[in-house]
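User: I would like to learn how to read the surroundings of a ligand in a model. Where do we begin?

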Amino acid sequence: MTNSTILPDFKLQQGTFFVQVWGCQMNVYDGDRIRELLTSAGFVETAAVENASIVVLVTCAVRAKAEDKVFNQIAAWRHQQKISKNTVIALGGCVGSELAEEILKLDKSVNVIFGPRTIHRLPSLISAYIQTHEPQVDVNADAIDKFDYFPSSHAEGPSAFVTIMEGCSNKCTYCIVPYTRGDEQSRPVQDIIDECVNFISNGAIEIHLLGQNVNSYHGVMNDGTVCNFSTLLYEIAAIPGLRRLRFTTSNPMDFTDDIIDAVKNLSVISDQIHVPIQAGSDRILSLMHRRYTAKEYIELTEKLRAARPTVHISSDFIVGFPGETEEDFEKTMEVVEKVKFDLSFSFVYSKRQGTPAALMEDKVTKEEKFNRLYKLQNRLEELALSYTQQFVGTVQECIVEGISRKDENELKSRASSGRIVVFKGSEDLIGKMVKVKITSTHAHTLKGELIND
Ligand code: SAH
Ligand code: SF4
Ligand code: F3S
């Protein structure tokens, strides 16, 4: 809904809202549920922040830069007069639970603070603020209670995110997520299946399962027994109408052989497997509390490639972890050469207060850390580009997402490897899976021709 002027007055009395999301796919999922919750409570969404009486900010705290974004954004909107003193500002997501009441001191224009666990209470928190003008802070709840309060989603589109678990109990020493999203908790199997079936009946053909460590999923089945991740994959793969299944994020330590077998047996699982190694030095991995060695990681990728020769393995990397020596960093580069990762993410270590690594001695200079990052990123980019070029001449099964933003005569779709594929075709292909012969590349985007068969 973008044009608020044509809406009935009774709805406008509740207020218009604008949602901005930062951070990972789990936040994107939460942002979509917030839109549905507010809409079903009578609020009306607007696409422009200046038309909103309520602004909802779903934030990320994983690195200092991510955290700063929200406060910079509020300041910029205020400066541009896009928000006024009367705009209700609700700040949630991971910064909400990390800082909670401190936010009221950092930015006095914030009126409502919520966390990833309390998004279902947002409509009542906003209403309570509007009635009382008292700041509302509510960040604590059971991790998976919120799912019981979401209205049945009417979201349409070929691909849908489904969160299968909340939180994380791994406590990698650099990471704030276990403190912002709390301990790991898995949703019951039936709830997940019902949500997938609902999305598929609304037109989705791809389901993307989400969790901070999906491989350690352990939700209950209807009969009370515990279901592990590979069993969940088989259950979801059996839903009629599903054409592709993705999952993020996998932790190497829990990527057991039964999950590798599922990747082998279920062709519906995508070729793109994101399994972050973070670093290649065993000394650093141990300081990070990652609980696998570089050798074990390499063996895992070999097993995955044997199970699925077309697999594209990607990773996240942290460089400049406290105490990382040049020698440690070179071990990361060695693993990169051995595994030959596809499209990956890499970051300079960011100190997060309250995590164990924040207390570790960190002598590496900023300049050195960035030099390492550039070196790593250059090599990762070369590897990814060589994969991109190898697609030329191949035929890819692609899910059509919509019209290309760059050229309205072209459609934008996504291949199993995660690559964007653009090609000429009619709009009625949107939402379908088609075959495209790849003819050229532009950066990491593939261009091709529709194959009619
Ligand atoms: N649960 C996922 C990661 C979630 S956070 C996993 O374990 O793989 C996403 C990525 O952010 C991490 O993989 C890591 O590379 C990066 N990250 C997390 N904390 C960080 C920090 N303090 N500094 C820099 N990067 C960080
Ligand atoms: Fe953070 Fe580690 Fe949990 Fe990933 S597995 S969310 S990096 S603590
Ligand atoms: Fe960021 Fe929270 Fe996701 S810290 S990466 S939004 S879990």
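Analyst: Begin with residue classes: Ala, Val, Leu, Ile, Met, Phe, Trp, Tyr, Cys and Pro count as nonpolar, Asp, Glu, Lys and Arg as charged, and the others, Gly among them, as polar. In this predicted model, the shell around ligand 1 has seven nonpolar, four polar and four charged residues.

User: How many residues surround ligand 1, and which are the closest?

Analyst: A residue is counted if one of its heavy atoms lies within 4 Å of the ligand. For ligand 1 there are 15, with Tyr174, Gln212, Gln278, Asp316 and Ser350 the closest. Strand 16 (316–319) and strand 17 (345–348) each contribute at least two residues to this shell.

User: Which atoms of Tyr174, Gln278 and Asp316 lie by ligand 1?

Analyst: Look for pairs of N or O atoms within 3.5 Å. In Tyr174, a polar backbone atom is 3.0 Å from a nitrogen atom of ligand 1. Gln278 places a polar side-chain atom 2.7 Å from an oxygen atom of the ligand. For Asp316, an N or O atom in the side chain is 2.6 Å from an oxygen atom of ligand 1. Taken alone, ligand 1 exposes 540 Å², and the protein buries 91% of that.

User: Why is ligand 3 said to lie between two domains?

Analyst: Check which domains supply the shell. Ligand 3 lies between domain 1 (16–138) and domain 2 (145–389) because both give residues to its shell. The residues around ligand 3 are Cys24, Asn27, Cys60, Ala61, Val62, Cys94, Val177, Arg181 and Gln212. By class, six are nonpolar, two polar and one charged.

Definitions and conventions:
Residues numbered from 1 in each chain as written. Chains lettered and ligands numbered in written order. Predicted model: local features only at pLDDT ≥ 70, side-chain atom pairs only at ≥ 80, totals over all residues. Heavy atoms only, no water. Domains from an automatic or database assignment. Polar contact = N/O pair within 3.5 Å; in protein donor to acceptor, adjacent residues only side chain to side chain. Areas by Shrake-Rupley, 256 points an atom, 1.4 Å probe, with all protein chains shown as cover. Helix = DSSP H or I, 4+ residues; strand = E, 2+ residues; numbered from the N terminus.
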